[in-house]
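Good morning, colleagues. I would ask you to turn to the sequence and the structure, which I shall now put on display.

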Amino acid sequence: GWITDPDLTADDLSALATGQAAPLPALVSLGRLDGDHLLIDIETAGLLTIDGDPDAADSAIRSIALQLATSTWVDHVDVLLVGAPSLDITGADRVRYLSNLDDAIDELAAVATSITNALDAAEHSSTLQARCSDQHDDGWIPTILVCTQEVDAEARERLDEIVGEGNRGVAVVAQSAARARWHAHVTDNELAL
């Protein structure tokens, strides 16, 4: 949650935010909890696996992809989408469709190496720290791989190695019964995180 000084108005906050990088560009809603949105920063999580009812799992993953592609509070995020050619996100410049999971994994690994090298050179421990620094506009754009097809244990392990503990500029949302540290089990009307 976020708490601000009660004396600040929305105009004050808007003025403070002008020119600042979005600190959490991969923030999405997973649903509602006690009447409020349940948010997760996919980049911080690193790897989010989803399983459960096949239709509900597919809907949850598609919802995340749609939010990443269209959210208005994001400066920029790159979304690599695998396995959902029927997901038409009109005007979504942030989304690139890939037909092959192995190619997407290779691309994500290359991005992870590039961002890790940039973070090391800038002496930042995370992209969040970099975005909140004086170097906030130096290309800390996260790349999120969203996969609607089932990811086997071997591919999930490769993805886990690439994203590490998260907060390093790359992340994955994938349908997988092989659970990651962050996992959501979904049914028609419930999501257990």
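Is aspartate 160 buried, partly exposed or exposed? Before I answer, please note that this is a predicted model. With a relative accessible area of 34%, aspartate 160 is partly exposed. Its place is in helix α6, which covers residues 153-163. Leucine 48 is 112 residues away from aspartate 160 along the chain, and the C-alpha atoms of the two are separated by 9.7 Å.

I turn now to the sheet. Seven strands form an open sheet with mixed pairing, and their order is β5-β4-β6-β7-β3-β8-β9. At the edges stand β5 and β9 (191-192), each of which pairs on one side only.

Let us follow the order from β5. Strand β5, residues 95-98, pairs with β4 in the parallel sense over 4 bridges, and here leucine 80 stands opposite arginine 96 of β5. Strand β4 itself, residues 78-82, is mostly covered, since 4 of its 5 residues are buried. With strand β6, residues 143-150, β4 again pairs in the parallel sense, over 5 bridges; valine 82 stands opposite cysteine 147 in β6. Strand β6 is in turn joined by 6 bridges to strand β7, residues 170-175, and these two run parallel. Cysteine 147 has alanine 174 as its bridge partner in β7.

Next, the charged side chains. In general, side chains of opposite charge can pair when their charged atoms come close.

Aspartate 58 counts as partly exposed, at 22% relative accessibility.

Another joins glutamate 107 to arginine 96, with an N to O distance of 2.0 Å. Since glutamate 107 lies in helix α4, residues 101-122, and arginine 96 in strand β5, the pair ties together parts that are 11 residues apart in sequence. Both are partly exposed: glutamate 107 has a relative accessible area of 25%, and arginine 96 one of 39%.

A further salt bridge brings together the side chains of arginine 158 and aspartate 102, at 3.5 Å from N to O. Arginine 158 lies in helix α6 and aspartate 102 in helix α4, so this pair ties together parts that are 56 residues apart in sequence. Arginine 158 is partly exposed, with a relative accessible area of 31%, as is aspartate 102, with 44%. Through shared partners, salt bridges join Asp102, Asp106 and Arg158 into one network.

Let me now move to serine 29, in strand β1, residues 27-33. Which residues does serine 29 contact, leaving aside its neighbours within four places in sequence? They are His37, Leu38, Leu39 and Gln67. Serine 29 has a relative accessible area of 17% and is therefore buried. A polar atom of its side chain lies 3.3 Å from the backbone oxygen of glycine 31. Isoleucine 40 is 11 residues from serine 29 in sequence, and 6.3 Å from serine 29 in space, C-alpha to C-alpha.

Finally, the surface. Leu8, Leu13 and Leu16 form a nonpolar patch there, with about 250 Å² of accessible area together. Leucine 8 belongs to the segment before α1 (10-17) and counts as partly exposed, at 33% relative accessibility.

Thank you for your attention.

Terms used
Residues are numbered from 1 along each chain as its sequence is written. This is a predicted model: local features need pLDDT of at least 70, side-chain atom pairs count only at pLDDT 80 or more; totals for chains, interfaces and linings use all residues. Side-chain values use heavy atoms; hydrogens and water are left out. Buried means under 20% relative accessible area, exposed over 50%, partly exposed in between (1.4 Å probe, protein chains only). Contact means heavy atoms within 4.5 Å. A polar contact is a pair of N or O atoms within 3.5 Å; within protein, one must be able to donate a hydrogen and the other to accept it, and residues adjacent in sequence count only if both atoms are side-chain atoms. Two strands pair if DSSP finds at least two bridges between them. Patches are made of residues with over 30% relative accessible area and no salt bridge: like charges are joined within 9 Å, nonpolar side chains (Val, Leu, Ile, Met, Phe, Trp, Tyr) within 5 Å. Accessible areas come from the Shrake-Rupley method with a 1.4 Å probe; for residues, only the protein chains shown count as cover. A salt bridge is a side-chain nitrogen of Lys or Arg within 4 Å of a carboxyl oxygen of Asp or Glu.
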